[in-house]
Amino acid sequence: MKSHILTVSQLTSQIKNVLESSFSEVWIEGEISNLSVPQSGHAYFTLKDESSQIRAVLFRSQARTLRFNPEDGIQAVCRGRVSLYEKRGEYQIILEALEPKGIGALQLAFLQLKEKLEK
């Protein structure tokens, strides 16, 4: 017998609470891809490694403090908090800090392959 049935919104809200309390500050490293900076000034992108990816957002107030322009292919070290966007049921990381770590390994591999094919 069904003891307690949750709505989608109730379940999503509970998951959001667990995620946000468990990952209120994390450091993460990954390669920036699919960068988009609309007129709002917020930066939306994906951080990825060889086997996983996570959506990331850097709000305009934090983006203004950066000493570089984020670009696709840059390997970055970031500090932020995990959040759940309830309308889509998708988790993401909201960044407070972003530092470049050089060209990303996946972008470098692509550039090297491109160079090899051109020869």
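Analyst: Let's start with a term: a residue is called buried when its relative accessible area is under 20%, exposed when it is over 50%, and partly exposed in between (1.4 Å probe, protein chains only). Keep in mind that this is a predicted model, where local features need pLDDT of at least 70, side-chain atom pairs count only at pLDDT 80 or more, and totals for chains, interfaces and linings use all residues. Residues are numbered from 1 along each chain as its sequence is written, and side-chain values use heavy atoms, with hydrogens and water left out.

Now for helix 1. Helices (H or I, at least four residues) and strands (E, at least two) are DSSP runs, numbered from the N terminus. Helix 1 covers residues 8–22, so 15 residues, and spans 21 Å from its first C-alpha to its last, close to the 21 Å expected at 1.5 Å a residue. That expected span is 1.5 Å times one less than the number of residues.

Which residues of helix 1 are buried? They are Thr12, Lys16 and Leu19. These residues sit on the same side of helix 1, because they cover an arc of only 75 degrees around the axis. The arc is that of the directions from the helix axis to the C-beta atoms.

Glu25, in the loop between helix 1 and strand 1 (26–36), pairs with Arg79 in strand 4 (residues 74–85), 54 residues apart. Their side chains meet in a salt bridge at 3.7 Å, N to O. A salt bridge here is a side-chain nitrogen of Lys or Arg within 4 Å of a carboxyl oxygen of Asp or Glu. Glu25 is exposed, with a relative accessible area of 54%, while Arg79 counts as partly exposed at 25%.

How many salt bridges are there in the whole structure? The search finds 5. Another of them joins Arg88 and Glu90 at 3.2 Å, N to O.

Finally, zoom out. The protein has 3 helices and 5 strands, following the pattern α-β-β-β-α-β-β-α along the sequence. Buried residues make up 30% of its 119 residues. Its C-alpha atoms fill a box of roughly 65 × 35 × 25 Å, taken along the principal axes.
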